[in-house]
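Q: Before the assignments are discussed, please show the sequence and the model.

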Amino acid sequence: NSVVVVSRDIQSHFIADLGFSSSQVKVVHNGIHLPESFTSRCPNSPFVVGSSGRLFPVKDYPLMLQIASAATHKGDFHFALAGDGPERSKLEDSIKFAGLQNRFQLLGHLDNMNPFYAGLDVYMNTSVHEGIPMTILEAMARGLPIIAPMVGGIPEVVDDGVQGFLIDGRDPAAFAEKCLLLYNDRELWKCMSLAAREKAERCFSVERMAQGYLDVYSKLCGAKS
């Protein structure tokens with residue numbers, strides 16, 4: 001028997017904590033349908049940092065608010081968060097308390113995410129833990145540099161300094177510093193934008209994911225025959 005997991009981080013957990021052998025646990029990364037067309041562009045003005053997900057504690061969106069407070073004092077930033085959940089009222093109160101009503105939008109649930117991604121310049125993740133986040137893959141496929149914590153399977157998706165930045169720890173100033181770097185260095189932004197799209201095409205297409213599952217099933221069938 002084999003178990004398929006979406007990241008090497010989860011694979012390590014199955015082996016170290018659940019007693020599976022390394023030969024039993026196969027990694028097949030998530031894949032997405034890539035947008036058919038991709039055109040390189042320049043960043044927006046104001047510079048928009050966005051994220052998307054369930055408004056649950058594990059996503060740590062209060063950290064994103066702290067990052068917004070730090071960044072908006074130093075540049076023309078707007079922050080946008082798509083999604084809904086039980087933390088919404090707390091976030092609304094925190095936005096008002098921080099005086100960010102004109103700089104931080106809670107967009108709620110969106111059926112069509114394409115306009116949301118099209119309006120961003122950076123995609124940010126602030127989760128305490130993740131597998132292989134589909135939203136990061138979707139953002140990369142649209143040429144968005146990523147700023148995210150160095151947790152879970154995210155380092156398997158984003159190469160620090162190539163498609164974006166990985167932050168070791170949860171200091172909002174460290175996240176804000178990378179936002180400012182991309183805001184001030186448009187050539188760096190463009191290089192990371194192109195690199196994000198290239199890696200999404202190369203490693204995280206739905207076709208590549210399907211081939212990964214086919215390889216697993218083929219090996220299992222071969223072993224039984």
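A: Buried means under 20% relative accessible area, exposed means over 50%, and partly exposed is in between, with a 1.4 Å probe and protein chains only. The model is predicted, so local features need pLDDT of at least 70 and side-chain atom pairs count only at pLDDT 80 or more, while totals for chains, interfaces and linings use all residues. Residues are numbered from 1 along each chain as its sequence is written, and side-chain values use heavy atoms, with hydrogens and water left out.

Q: Why is Asp 60 called buried?
A: Asp 60 has 18% relative accessibility. The limit for buried is under 20%, so Asp 60 counts as buried.

Q: What makes Asp 60 and Arg 170 a salt bridge?
A: A salt bridge requires a side-chain nitrogen of Lys or Arg within 4 Å of a carboxyl oxygen of Asp or Glu. The closest N and O atoms of Asp 60 and Arg 170 are 2.9 Å apart, so the pair meets the rule. This pair links distant parts of the chain, 110 residues apart: Asp 60 is in the loop between S3 and helix H2 (61-72), and Arg 170 is in the loop between strand S8 (164-167) and helix H6 (172-184). Helices (H or I, at least four residues) and strands (E, at least two) are DSSP runs, numbered from the N terminus.

Q: Why is Arg 170 called partly exposed?
A: Its relative accessibility is 31%, which lies between the 20% and 50% limits, so Arg 170 is partly exposed.

Q: How many salt bridges does the rule give?
A: The count comes to 8.

Q: What separates Arg 197 and Glu 201 along helix H7?
A: About one helical turn separates them, because they are 4 residues apart in helix H7 (residues 186-203). Arg 197 is buried at 7% relative accessibility, and Glu 201 is partly exposed at 41%.

Q: Why is Val 128 called partly exposed?
A: Val 128 has 45% relative accessibility, so it counts as partly exposed. Val 128 lies in the loop between strand S6 (122-124) and helix H5 (134-141).
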